[in-house]
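The following exercises ask the reader to work from a sequence and its three-dimensional model.

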Amino acid sequence: MRYVCLVYFDPKTVFGRGDEARAILDHESGAYDKELSASGHMVAAEALRLPDQAMTVRVRDGKMSATDGPFMETKEVLGGFILIEARDLNEAVRIAAGIPLAKLGAIEVRPVVDFSQPRPQL
Amino acid sequence: MIPRRQRTGAGALGALEAAYRTEARRVLATLVRLLGGFEPAEEALHDAFAAAAETWPRDGVPANPYGWLVSAGRFKAIDRWRRQARLAGALPELAALAETPQEPVMPEHIKDDELRLIFTCCHPALAPDARIALTLREVGGLTTEEIARAYLAPTPTVAQRILRAKARIRDEAIPYEVPAPAELPARLESVLQVVYLIFNEGYAATAGPGLMRDDLCAEAIRLGALVADLLGDPEALGLLALMLLHQARRAARVDAAGDLVLLEDQDRSLWDRDRIAEAQGLIERALGARRIGPYVLQAAIAAVHVEAPSAGETDWPQIVELYDVLRRVAPSPVVTLNRAAAIGMRDGPQAGLAAIEAALGDGGLDAYHLAHAARADMQRRLGLTEPARVSYRRALELARQPAERRFLEARLAQLGAEERAAED
């Protein structure tokens, strides 16, 4: 099954600790990505620019509106994702716990939809 | 003899799938011992199969897939430690760990490792729910999602149970070992209980999504057979026989409409004779032992039932005797109730009703719907229509399962019909 590990962190924590700390983090993150590729778990991974570089698009009544960035109440922002192939949720959680940014922020592990299964009834 | 390099190419991929099915749990069991924990062992297991997927199609399938996978997993784990140590700048310490001489991987280790895994997953220090989830995942090889579907529980809840159980094993340093002989009976009891709970969850649920639940019964029987095979303990044999006897009657237990069919009304030609014969052999072996426990006795009772050519020819005196022994070995209100119902069959409803009233009087059965249903049944057979109706209604108030509720409702309706027929 596929799971996406959504990496959330407070940019101040990650980028406010000096160049050396950030370089170590980059190195560790790169090494973990390589490890996941070697073990066959990796599907895709990307780091995201901060939300101040983003735009949010909505279409209502056929009209498009675009606003600057998501402005969220929380300090933690979505900073990247790793799409993995794992046996089950427990394996996905174990892999997510190894992501170096888990030590600074939080990783949300979301199963990717299997369309052969019933859809949510809300 | 199998040649060392057997197959290459596509045949190797088939061999890999077969190895995953038959060897993955054993390889995990050994890796937990070699690497000292579940998490490194699971990583190593994954890495070993990834390596096999790369190597086997090219170089052929090794003669001993288990040994190959254990060695590959161990090698990959050391590799991983080296890389992590380099990152953490702790190379010298971990290098020493990696240099520990490799024990030869012997087939005779497999049995002990499998037992270690089962006993650890069923350790009494873990919560009962956690034991079940952990056993199904680590010994049974089910995924978290499959366990959640089988127990109609949210997947994150099951994932959490497994995580907590593993954290507990790690934090409390629960040893990865087969218990010493002195401890064995108590620890085995916990293992057998987990296996029987898994079976019952699959067996009692006649409603709800069917498929996974059948899988639970099959998995419980597989686990039970594994424990019986590895330990040869009479209670393990008894539990396996008991599950086989239940499973043998499965096809006759529910009718086309999904309603429960009582043992006395079941079509005995639908029973699985091979399973029954297997169970009978196991019971004979178990009864040869000096110690007789509750699972063997329950299996023996179930065997007396299935050995009767028809319900009317059931050997009730023998069943009452077996319940007498069971009541001494493992007394419980439910055993007393079942014995009372058997007395009703042996000596007639008057004696049965008295025995059931006595069992209810002992306490502990008031909230058990089957106690009230059994009393109602005796009252009905004695023509005590009004008391029978009160008892059936009480049973219906307490029953939860849809199939059981439909059965009790049908009995209540039948009671009304008999009364009207009598008045006419």
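Two residues are in contact if their C-beta atoms, placed from the backbone, lie within 7 Å. The structure is a predicted model, in which local features need pLDDT of at least 70, side-chain atom pairs count only at pLDDT 80 or more, and totals for chains, interfaces and linings use all residues. Residues are numbered from 1 along each chain as its sequence is written, while chains are lettered from A and ligands numbered from 1 in the order in which they are written.

**Exercise 1. Determine how α3(A) crosses helix α8 of chain B, and which residues of α3(A) are buried.**

Step 1. Axes are lines fitted to C-alpha atoms, for helices over the stretch in contact, and angles run from 0 to 180 degrees between N-to-C directions. The axes of α3(A) and α8(B) (residues 155-171) come within 9 Å and cross at roughly 65 degrees.

Step 2. A crossing is left-handed if the near helix is turned anticlockwise from the far one by less than a right angle, and right-handed if clockwise. The crossing of α3(A) and α8(B) is right-handed.

Step 3. From α3(A), Leu89(A), Asn90(A) and Val93(A) meet Thr155(B), Ala159(B), Ile162(B) and Leu163(B) of α8(B). By class, the residues of this contact are five nonpolar, two polar and no charged.

Step 4. A residue is buried if 20 or more other C-beta atoms lie within 10 Å of its own, exposed if 12 or fewer, and partly exposed in between, with C-beta atoms placed from the backbone. Seven of the nine residues of α3(A) are buried, namely Leu89(A), Asn90(A), Glu91(A), Ala92(A), Val93(A), Ile95(A) and Ala96(A).

**Exercise 2. Characterise chain A as a whole, and then the surroundings of Ala45(A).**

Step 1. Chain A has three helices and six strands, in the order β-α-α-β-β-β-β-α-β along the sequence. Its C-alpha trace spans about 45 × 45 × 20 Å along the principal axes.

Step 2. Of the 122 residues of chain A, 20% count as buried. Among contacts in chain A with a separation of 6 or more, 73% join residues 24 or more positions apart.

Step 3. The predictor's confidence in each residue, pLDDT, runs from 0 to 100. Chain A has a mean pLDDT of 91, with 97% of its residues at 70 or more.

Step 4. Ala45(A) lies in strand β2 (residues 42-47) of chain A. Ala45(A) counts as partly exposed because it has 19 C-beta neighbours inside 10 Å.

Step 5. Ala45(A) and Ile82(A) are 37 residues apart in sequence, yet 4.2 Å apart in space, C-alpha to C-alpha. Leaving aside residues up to four places away in sequence, Ala45(A) touches Asp33(A), Phe81(A), Ile82(A) and Leu83(A).

**Exercise 3. Characterise chain B, and state how helices α18(B) and α19(B) are arranged.**

Step 1. Chain B contains 20 helices and zero strands. Its C-alpha trace spans about 90 × 45 × 45 Å along the principal axes, and 40% of its 424 residues count as buried.

Step 2. The axes of α18(B) (residues 369-381) and α19(B) (residues 385-398) come within 8 Å and cross at roughly 160 degrees. Angles under 35 degrees count as roughly parallel, over 145 as roughly antiparallel, 65 to 115 as roughly perpendicular and the rest as oblique. Therefore α18(B) and α19(B) are roughly antiparallel to each other.

Step 3. The crossing of α18(B) and α19(B) is left-handed. The residues of their contact divide into seven nonpolar, four polar and three charged.

Definitions and conventions:
Helix = DSSP H or I, 4+ residues; strand = E, 2+ residues; numbered from the N terminus. Nonpolar A, V, L, I, M, F, W, Y, C, P; charged D, E, K, R; others polar.
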